[in-house]
Amino acid sequence: NGGKMGKYDPVLKEHFLTIVDKQLRSKEVPEVEEEYSRLISEGNSKEEAKRLIAVILSMEMYCVLKYQRVFNKEKYVNALRNLPNIPDGYDSDEAV
């Protein structure tokens, strides 16, 4: 396709938001809760903080599928730490 994705899939967006909620509850990736709290303390709403995290999660999952590699937790966490900016190494056109 080579061009921009255009519209995002609202169903897929809800799935990613559900995964973010699950990560926040499970503490499996404690950095998610840390960055969620930081984003809120910086003035973002809870919904916006979750949406930003979901954007990074969707980008990491895109890379997993596109390049057939394992989930890169270090890259994910580093990207979360740069929010609300989308870090280099992710293509913001690929976000849901």
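Is arginine 51 buried, partly exposed or exposed? Arginine 51 is partly exposed, with a relative accessible area of 33%; buried means under 20% relative accessible area, exposed over 50%, and partly exposed in between, with a 1.4 Å probe and protein chains only.

The structure is a predicted model, in which local features need pLDDT of at least 70 and side-chain atom pairs count only at pLDDT 80 or more, while totals for chains, interfaces and linings use all residues. Residues are numbered from 1 along each chain as its sequence is written, and side-chain values use heavy atoms, with hydrogens and water left out.

The pLDDT is the predictor's confidence in each residue, from 0 to 100. The protein averages 85, and 81% of the residues score at least 70. Over residues 1-6 the pLDDT is below 50, and this stretch has four contacts in the model beyond near neighbours in sequence, a contact being heavy atoms within 4.5 Å.

Helix α4 spans residues 73-81; helices (H or I, at least four residues) are DSSP runs, numbered from the N terminus. In α4, Tyr76, Val77, Ala79 and Leu80 are buried. Seen down the axis of α4, these buried residues fall within an arc of 160 degrees, so they line one face of the helix; the arc is that of the directions from the helix axis to the C-beta atoms. Their cover includes α1, α2 and α3.

The ring centres of phenylalanine 71 and tyrosine 76 are 5.2 Å apart and the planes stand at 65 degrees, so the pair is edge-to-face. Rings of Phe, Tyr and Trp (its six-membered ring) pair if their centres lie within 6.5 Å; planes under 30 degrees apart count as stacked, over 60 as edge-to-face and the rest as tilted. Tyrosine 76 has a relative accessible area of 0%, whereas phenylalanine 71 is partly exposed at 34%.

Side chains of opposite charge can pair when their charged atoms come close. The structure holds seven salt bridges, each a side-chain nitrogen of Lys or Arg within 4 Å of a carboxyl oxygen of Asp or Glu. In one of them, arginine 51 meets glutamate 48 at 2.9 Å, N to O. Both residues lie in helix α3, and because they are three residues apart, about one helical turn separates them. Glutamate 60 forms a salt bridge with arginine 69, with the closest N and O atoms 2.6 Å apart; glutamate 60 is buried, while arginine 69 is partly exposed. Finally, Glu35, Arg38, Glu42 and Arg81 are linked in a network of salt bridges.

Note on methods:
Helix = DSSP H or I, 4+ residues; strand = E, 2+ residues; numbered from the N terminus.
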